[in-house]
Amino acid sequence: MNNVYNFSAGPAALPSSVLERLKSELPEFRDAKASVMEISHRGIDFMKLAKKAEQDLKELMSIPDNYKVLFLQGGASQQFSMVPVNLLRGKKIANYANTGHWSEKAIREGSRYCGVNVCTDSTKNGFTDIEDYSSWKIDPNGAYLHYTPNETIAGLEFDYIPEIDMPLVADMSSSILSRSIDVSKFGVIYAGAQKNIGVSGLTVVIVRDDLIGNVVKHQPVLFNYSTQANNDSMYNTPCTFAWYTAALVFEWLKEFGGIESITQHNKKKSELLYKAIDHSDFYSNNVATRFRSRMNVPFFTPSPELDKLFIEEALNENLLALKGHRAIGGIRASIYNAMSMEGVEALVSFMGDFEKNSR
Ligand SMILES: *Cc1c(COP(=O)(O)O)cnc(C)c1O
């Protein structure tokens, strides 16, 4: 059998060595004499693991000491609510950049709590480009600026961090740990784990100390960052298995050489794939070159019928989950951290064959 390469957008592929470790440690977790799924989150074995995961993430991302790292549930979508609840702090307006599907969802939820000022809007270019930052209409009275560094569906990714004088909030679900960033530029970073951190169920939130503890009244206690921070993300039972998987992924990434190495790796992988698309008049991707995502690469053949055939035949070659999101159709290859260069090479080689056979 050929190697299997999984291009799923999420839940996404895990590094194979992480899967191997999960398998070998599953019945009996280290010194616990029981599975990691069966032990108390407050016992010594799990506490050790939880602390290590936090330290490893801090080290990987060079998270400054004035930030708390939270391991929560509810997905990135719950942060669409928790962000306004915790960050409005008496203000009535927040700024949101709309660069795609997930931005829109954050905006819709934010509008339930405050006036949303959409300071830039990529709907007018079909989410293929980002307006020049100098033309964004940011309301200086806004409590924060929310944006989505990588839009997972259209494959539109910022190549810079907006400079701003108010808390900057980023939904990094599909790009966290994929390239080096300066965490100190952010008020809040959040990410569902199922793309670059591990398995679904866990949401990592990195929040600056001074933004914790001034919450909108009458909200669920679990929505309060200070409840979570004061209890080390263990106010109630956390998603222990997902936390454990994240710990393994962080260890894998450190062994890989950390963020600098993975940044280079992701750059090379995506360049190879975009080159294959651009060097052919059969395949196309219409995202502005500068803002093409390194994580999610959507592309099209000349017709929806051929797209469909491509996806079916790729599956026969063990290239999995290449169907584009239903919102835009076509083909999408998600090439998160766990995707190897061999996987991208196999896809590029299949693309060449498919093009030849379709002419
Ligand atoms: C996948 C994704 C989400 C949704 O995350 P959930 O954990 O399912 O809520 C939100 N934002 C972005 C950018 C994503 O890629």
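Asp171 is located in strand β8, which covers residues 168–171. The structure described here is a predicted model. With a relative accessible area of 3%, Asp171 falls under the 20% limit and is therefore classed as buried. The side chain of Asp171 makes a polar contact of 2.7 Å with the side chain of Ser173. When residues up to four places away in sequence are set aside, Asp171 touches Ala76, Phe80, Trp102, His146, Tyr147, Thr148, Pro149 and Tyr190. For one of these residues, Phe80, the separation along the chain is 91 residues, whereas the C-alpha atoms of Asp171 and Phe80 are 8.8 Å apart.

Thr152 is placed in the loop between β6 (150–151) and β7. The relative accessibility of Thr152 is 5%, which is under 20%, so that Thr152 also counts as buried. A polar contact of 2.8 Å links the side chain of Thr152 to that of Ser174. Leaving out residues up to four places away in sequence, the residues touched by Thr152 are Trp102, Ser174, Asn296, Arg332 and Tyr336.

The arrangement of the chain as a whole was examined next. The protein chain is divided into domain 1, comprising 17–255, and domain 2, comprising 257–358. Domain 1 contributes 26 residues to the contact, and domain 2 contributes 24 residues. Taken over C-alpha atoms, the centres of the two domains are separated by 27 Å.

The size of an interface is often expressed as the accessible area that is lost when the parts come together. Between domain 1 and domain 2, about 2,200 Å² is buried, and 54% of this area lies on carbon and sulfur atoms.

One salt bridge, written as a count of 1, is found between domain 1 and domain 2. A salt bridge is formed by Arg290 and Asp159, with 2.8 Å between the closest N and O atoms. On the side of domain 1 that touches domain 2, the elements giving two or more residues are β7 (156–157) and α6 (240–256). The most is given by α6, with 4 residues. Sorted by class, this side of domain 1 holds 10 nonpolar, 9 polar and 7 charged residues.

Technical notes:
Residues numbered from 1 in each chain as written. Predicted model: local features only at pLDDT ≥ 70, side-chain atom pairs only at ≥ 80, totals over all residues. Heavy atoms only, no water. Domains from an automatic or database assignment. Contact = heavy atoms within 4.5 Å. Buried area = accessible area lost by both parts, 1.4 Å probe. Salt bridge = Lys/Arg side-chain N within 4 Å of Asp/Glu carboxyl O. Nonpolar A, V, L, I, M, F, W, Y, C, P; charged D, E, K, R; others polar. Buried < 20%, exposed > 50% of the residue type's maximum accessible area, 1.4 Å probe, protein only. Polar contact = N/O pair within 3.5 Å; in protein donor to acceptor, adjacent residues only side chain to side chain.
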